[in-house]
Amino acid sequence: MFKLMKDAGGNFIRWGHSAGAPVDVELADRYGLVTIQPGVDGEGSTVGGVYSDAAYKIRAEAFRDMIIYFRNHPSILVWEGGNQSVPDQEAVTLKNIAETWDPKGMRAYAHRRSNLDMAKYIDLSIGTEGSWELKSKGKPVVEGEYNREEAARRVWDRHTPGYENYQTAPGSAYNLTSEEFAKNQAKHFLKISHPAHCGGANWIFSDSTSHGRVYSEVSRVSGQVDGVMLPKEAYFTTKAIYREDPQVYIIGHWNYPKGTVKNIYIMSNAEQVKLIVNGKSQGFGSKSDNYLFTFENIGWETGTIKAVAYDKNNVVVATDEKKTSGEPVAVKLSEITGPGGLKADGADVFLIDAEVVDAEGNRVPTYEGRIDFTLEGEAIWRGGYNSGKEGTTNHTYLDIEAGINRVAVRSTLTPGTIHVTGVIDGLKTAALKIASIPVPSQNGLSTEFPLLPEFVLGQEPPLGNGPEENKVSFESDEEGSQLITDFSYSGIEEIGGVKTNVNIGDRIYNDREYEFQFLLEQLLGSDYIQVANNETNYKALDLMHLTVAKDADVFIAHDDRLSRPEWLLDEYLETNKKIIVHDILHTVYEKSVKAGTTLTLGGNQDETNENNSNMYVVFVKERKTV
């Protein structure tokens with residue numbers, strides 16, 4: 001994984017809400033990957049609730065032990081006290097622990113989603129989707145979770161047979177193909193590209209069972225690689241964003257039905273890119289989001305497609321090409337072992353890449369179908385998995401996805417030759433054999449340390465923030481509001497942002513023509529947040545984050561056709577007041593806040609997936625003192 005990260009131009013990791021494991025942090029040291037190391041916070045404070053005293057003690061002691069254990073690792077730049085803000089007493093405790101047990105480490109102490117009170121304790125703010133909550137307090141920000149979209153590796157695009165009308169599960173927050181996910185990497189990177197931002201982490205690198213917004217796959221599929229580390233198209237496009245050496249990459253494959261006409265997307269850090277199909281130039285692409293080049297309505301024809309990237313002096317600096325593969329002919333198996341071979345220690349694992357290839361040995365990128373394996377020798381089958389299908393692990397069969405899949409086999413304590421075959425009906429069978437190596441031991445204990453991959457610093461690809469001219473300036477989203485500051489939004493749709501002085505006739509959502517037909521007197525003149533009504537099903541604990549700069553009343557109008565989300569019921573008082581949104585009644589919930597209060601608002605629905613509904617509307621109105 002670490003080698004893949006370095007190859008893609010990565011130089012930073014934020015472990016997700018719990019501390020990275022010892023082997024992870026040691027590898028970050030070796031590969032030169034700067035890390036943020038969290039404690040055991042999860043998603044919130046331990047203060048409050050039935051078990052708060054015990055949980056608070058466990059949390060503090062675990063944070064202390066984590067710092068003592070990891071404080072000698074040079075890759076750790078930041079101790080993360082929490083994924084959200086915490087009450088003063090907890091912040092004081094955690095900050096003191098960091099200063100007491102790592103007094104000479106010169107590391108920053110940070111929280112994600114920090115409210116204004118946290119400025120007294122933290123050195124660094126951890127942002128989300130480009131947010132910068134403590135900008136007004138002069139705290140620097142490093143991104144912790146940008147680009148939280150999801151897409152499975154197996155779904156190429158909407159022109160690949162079988163996926164023309166692809167939809168994820170009902171209620172899913174995302175409905176992206178691999179192509180769409182890959183090209184969106186550039187759009188999302190712009191959120192953290194302004195000069196005042198310190199950069200940060202794409203969320204996440206590898207698909208995992210860390211959860212998704214809602215059920216649509218068997219794992220969260222936000223990664224640049226899938227759950228067995230096979231690269232997605234997004235992996236290759238991030239190279240063009242993160243690396244400084246010239247990069248160009250054609251997104252997708254070149255195996256389509258006759259008559260297909262589609263847009264071709266190419267990611268590059270060059271000045272301009274030309275597309276060539278079977279030797280014929282298609283001209284230069286339209287550049288957007290600093291790195292994405294689009295060629296519209298390109299007709300498919302069997303053969304070769306080539307991208308040529310040019311610098312500002314019109315010199316060719318990089319090329320990429322893809323060609324049409326033939327009909328599937330055979331199975332191909334390739335093993336991957338550690339640098340010292342497969343150790344017969346009962347714990348070592350080797351991987352097998354199973355591909356379907358044509359007569360020339362080229363992978364057939366659109367092949368899907370079942371492959372059956374047989375295993376003989378001193379080894380234990382661990383198998384692989386299929387995205388979107390439950391119960392696919394540990395079997396001696398699985399489906400090939402986009403022409404390839406990967407399985408794992410574990411050694412035993414007995415050395416010997418291991419035989420593996422891969423069989424697909426109608427295709428030539430493949431076989432491989434691998435010998436496990438004896439491991440010296442004494443009294444049942446190994447006498448050698450496990451091998452870790454070596455990486456010589458200074459020989460990695462050059463890294464950086466991309467060409468200077470590709471940087472964008474930071475502009476506030478708050479449009480002059482004196483009430484709502486440090487606003488950030490983690491949904492997937494474009495939004496209108498903060499609007500001031502609401503009145504009847506104003507537009508409610510930025511993706512609908514709906515207008516406020518009736519407003520309570522209490523709401524007239526408020527500032528309000530204009531979002532997209534298409535976000536009605538988006539699930540998030542932190543959809544909106546904002547600071548209220550003055551003493552104010554916060555009102556949230558929620559669609560009466562929906563069950564109320566838990567965060568709304570817990571934090572806001574239901575009133576008997578209603579407003580009308582496109583002829584539908586919405587109940588108004590209310591909360592009074594002091595100046596400087598930071599609010600985190602969740603999704604419109606918890607468990608339900610009702611599409612026939614409106615997104616909630618947030619109003620903030622200054623509270624005048626008498």
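Two strands pair if DSSP finds at least two bridges between them. Helices (H or I, at least four residues) and strands (E, at least two) are DSSP runs, numbered from the N terminus. The model is predicted: local features need pLDDT of at least 70, side-chain atom pairs count only at pLDDT 80 or more, and totals for chains, interfaces and linings use all residues. Residues are numbered from 1 along each chain as its sequence is written, and side-chain values use heavy atoms, with hydrogens and water left out.

**View 1. Strand β35 with β29 and β31.**
V554 stands opposite V620 in β35. This position belongs to the antiparallel pairing of β31 (residues 552-559) with β35, which are joined by 6 bridges. Strand β29 (residues 527-530) also runs antiparallel to β35 (residues 617-622), with 3 bridges between them. Here D527 has V620 as its bridge partner in β35.

**View 2. The parallel sheet β1 to β7.**
An open sheet is formed by 7 strands in the order β1-β2-β3-β4-β5-β6-β7, with parallel pairing. The edges are β1 (12-14) and β7 (200-202); each has a single partner strand, so one side of each is left without a neighbour in the sheet. From one strand to the next the twist averages 25°, where axes are lines fitted to C-alpha atoms, for helices over the stretch in contact, and angles run from 0 to 180 degrees between N-to-C directions.

**View 3. Strands β3 and β4 with helix α4.**
Strands β3 (residues 76-82) and β4 (residues 108-112) run parallel and are joined by 4 bridges. G82 stands opposite H111 in β4. Helix α4 (residues 88-101) packs on the sheet and touches β3 and β4 (contact means heavy atoms within 4.5 Å). The direction of α4 makes about 150° with that of β4.

**View 4. The antiparallel sheet around β10.**
Here 4 strands form an open sheet in the order β11-β10-β14-β15, and the pairing is antiparallel. β11 (280-284) and β15 (316-323) stand at the edges with a single partner strand each, so one side of each is left without a neighbour in the sheet. On average, neighbouring strands of this sheet are turned by 20° against each other, direction ignored. Strand β10 (residues 272-277) is joined to β11 by 3 bridges, and the two run antiparallel. V277 stands opposite K280 in β11.

**View 5. Helices α5 and α6.**
The axes of α5 (residues 178-189) and α6 (residues 233-242) come within 8 Å and cross at roughly 25°. The two helices are therefore roughly parallel to each other (angles under 35 degrees count as roughly parallel, over 145 as roughly antiparallel, 65 to 115 as roughly perpendicular and the rest as oblique). In α5, S178, F181, A182, Q185, A186 and F189 meet E233, A234, T237, T238, I241 and Y242 in α6. 9 of the 10 residues of α6 are buried, so α6 is largely enclosed by the rest of the structure (buried means under 20% relative accessible area, exposed over 50%, partly exposed in between, with a 1.4 Å probe and protein chains only). Among the buried residues of α6 are Y235, K239 and A240.

**View 6. The surroundings of K343.**
K343 lies in the loop between β16 (330-336) and β17 (349-357). Its relative accessibility is 18%, so K343 counts as buried. Leaving aside residues up to four places away in sequence, K343 touches D348, S411, I437, V439 and E448.
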